[in-house]
Amino acid sequence: MTLEAHGLSIGFGTRVVGTGIDTVLAGGEVTCLLGPNGSGKSTLLRTLLGVQPALGGDIRLDGQRLESWNARDRARRVAYVPQAAATAFDFTVLELVQMGLTPWRGLFAAPGAQARDAALECLDRLGIAPLAARPIQRLSGGERQLAYLARALATRATHLLMDEPTANLDFANQALILDEIARLAAGGACVLFTTHHPDHALRVAHRAMLLRRGTLMGNGPAGDILNSENLSALYGRPVEMAELPSASGRPDRFCIVRESRRFD
């Protein structure tokens with residue numbers, strides 16, 4: 001169970017954002033994609049999803065070229081959690097999450113009791129079942145982010161791509177999302193998420209990808225890739241690594257930016 005990119009070029013029309021991207025995202029692993037604003041993270045996610053055409057290279061889903069999958073089968077295998085944004089349609093939270101079941105029940109089939117129960121279960125996993133009847137437009141940014149994640153869970157997809165899933169969330173709900181990401185991977189899912197917080201990658205990621213100006217400057221085991229030298233080069237600021245003892249006996253690692261001047 002893999003999602004692979006080989007010699008991938010990404011961008012918009014004739015504008016190339018990134019080139020020469022190679023990666024293999026495997027089942028049972030969490031991969032974190034880090035990079036400054038404008039580095040191409042969201043563009044890469046949309047290209048891996050097939051929503052945005054690749055400008056070159058090859059993408060393979062479970063060994064087959066991405067474009068060879070029909071839309072319904074691909075939707076059963078790959079789910080997307082976008083950055084939370086306002087929607088023009090005033091669906092309820094329950095209706096939004098039930099949309100995640102569309103690849104399994106058909107586009108025009110009305111959701112029945114089983115679909116409702118499945119959607120409510122996903123909402124309950126994220127602690128937002130009490131919001132089921134609330135219109136999506138009346139949610140906070142953080143609540144909306146949780147609702148979109150619940151919709152992705154409802155797809156039962158084996159590959160989940162998440163664009164800043166902890167954005168707009170308070171500290172406790174960030175931890176909730178990271179725990180859910182770890183649980184999904186432990187269940188065999190292939191998870192790729194973007195973040196601006198290296199500490200989140202240090203907490204749950206098996207692998208890390210460092211994207212700067214459309215080029216992968218690091219791609220490998222998170223424990224090897226997420227170090228002071230690489231993170232300083234990625235963000236153009238001096239980043240130091242620190243450790244704290246933990247109950248597990250293995251120290252927790254986190255990042256500290258020591259000064260504000262840029263050196264890139």
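Which residue just after α10 takes a positive phi? Gly236 does, at about 70°. The model is predicted: local features need pLDDT of at least 70, side-chain atom pairs count only at pLDDT 80 or more, and totals for chains, interfaces and linings use all residues. Residues are numbered from 1 along each chain as its sequence is written, and side-chain values use heavy atoms, with hydrogens and water left out.

View 1. Helix α10 spans residues 228-235. Helices (H or I, at least four residues) and strands (E, at least two) are DSSP runs, numbered from the N terminus. Asn230, Leu231, Ser232, Leu234 and Tyr235 are buried in α10. Buried means under 20% relative accessible area, exposed over 50%, and partly exposed in between (1.4 Å probe, protein chains only). At the helix start, a side-chain oxygen of Asn227 comes within 3.3 Å of the backbone nitrogen of Glu229. Such a polar contact is a pair of N or O atoms within 3.5 Å; within protein, one must be able to donate a hydrogen and the other to accept it, and residues adjacent in sequence count only if both atoms are side-chain atoms.

**View 2. Helix α1 under cover.** Helix α1, residues 41-49, has 8 of its 9 residues buried. They are Lys41, Ser42, Thr43, Leu44, Leu45, Thr47, Leu48 and Leu49. Just after the helix, Gly50 takes a positive phi of about 90°.

**View 3. The largest pocket.** Its space amounts to about 570 Å³. Of its 17 lining residues, Asp199, Leu202, Arg203, Asp252 and Arg253 are the closest to the centre. On a 1 Å grid over the protein atoms alone, a pocket is an open set of points where a 1.4 Å probe fits, with protein on both sides within 12 Å along at least five of seven lines; lining residues have an atom within 4 Å of a point. Grid points are joined across faces, edges and corners, and a volume is the space filled by probe spheres set on the points. At least two lining residues come from each of α7 (171-186), α8 (198-204), α9 (222-225) and β12 (252-257). The lining of the largest pocket holds 8 nonpolar, 4 polar and 5 charged residues. Here Ala, Val, Leu, Ile, Met, Phe, Trp, Tyr, Cys and Pro count as nonpolar, Asp, Glu, Lys and Arg as charged, and the others, Gly among them, as polar.

**View 4. The second largest pocket.** The volume of this pocket is about 360 Å³. Of the 15 residues in its lining, Leu49, Ala75, Val78, Ala79 and Tyr80 are the closest to the centre. α2 (71-77), β6 (78-81) and α6 (141-154) each give at least two residues to the lining. By class, the lining has 10 nonpolar, 3 polar and 2 charged residues.

**View 5. Strand β7 and its parallel partners.** All 5 of the 5 residues of β7 (159-163) are buried, so the strand is largely enclosed by the rest of the structure. His159, Leu161 and Asp163 point one way, and Leu160 and Met162 point the other way. β7 pairs with β6 in the parallel sense over 4 bridges; two strands pair if DSSP finds at least two bridges between them. Val78 has His159 as its bridge partner in β7. β7 also runs parallel to β8 (190-195), joined by 5 bridges. Asp163 is bridged to Thr194 in β8. From β7 the chain crosses through α7 to β8 in a right-handed β-α-β crossover. Right-handed means that, with the strands pointing away from the viewer, the path from the first strand over the helix to the second runs clockwise.

**View 6. The antiparallel sheet around β1.** Four strands form an open sheet in the order β2-β1-β4-β5, with antiparallel pairing. β2 and β5 (64-65) stand at the edges with a single partner strand each, so one side of each has no neighbour in the sheet. In β1 (2-12), 8 of the 11 residues are buried. The strand is joined to β2 (15-26) by 8 bridges and to β4 (56-61) by 5 bridges. Glu4 has bridge partners Val24 in β2 and Arg60 in β4. Leu8 stands opposite Ile21 in β2. The hairpin of β1 and β2 has 2 residues between the strands, and Gly13 takes a positive phi near 60° there.

**View 7. Ser140 in its loop.** Ser140 is found between α5 (113-125) and α6. Its relative accessible area is 37%, which is partly exposed. Ser140 and Phe12 are 31 Å apart in space, C-alpha to C-alpha, and 128 residues apart in sequence.
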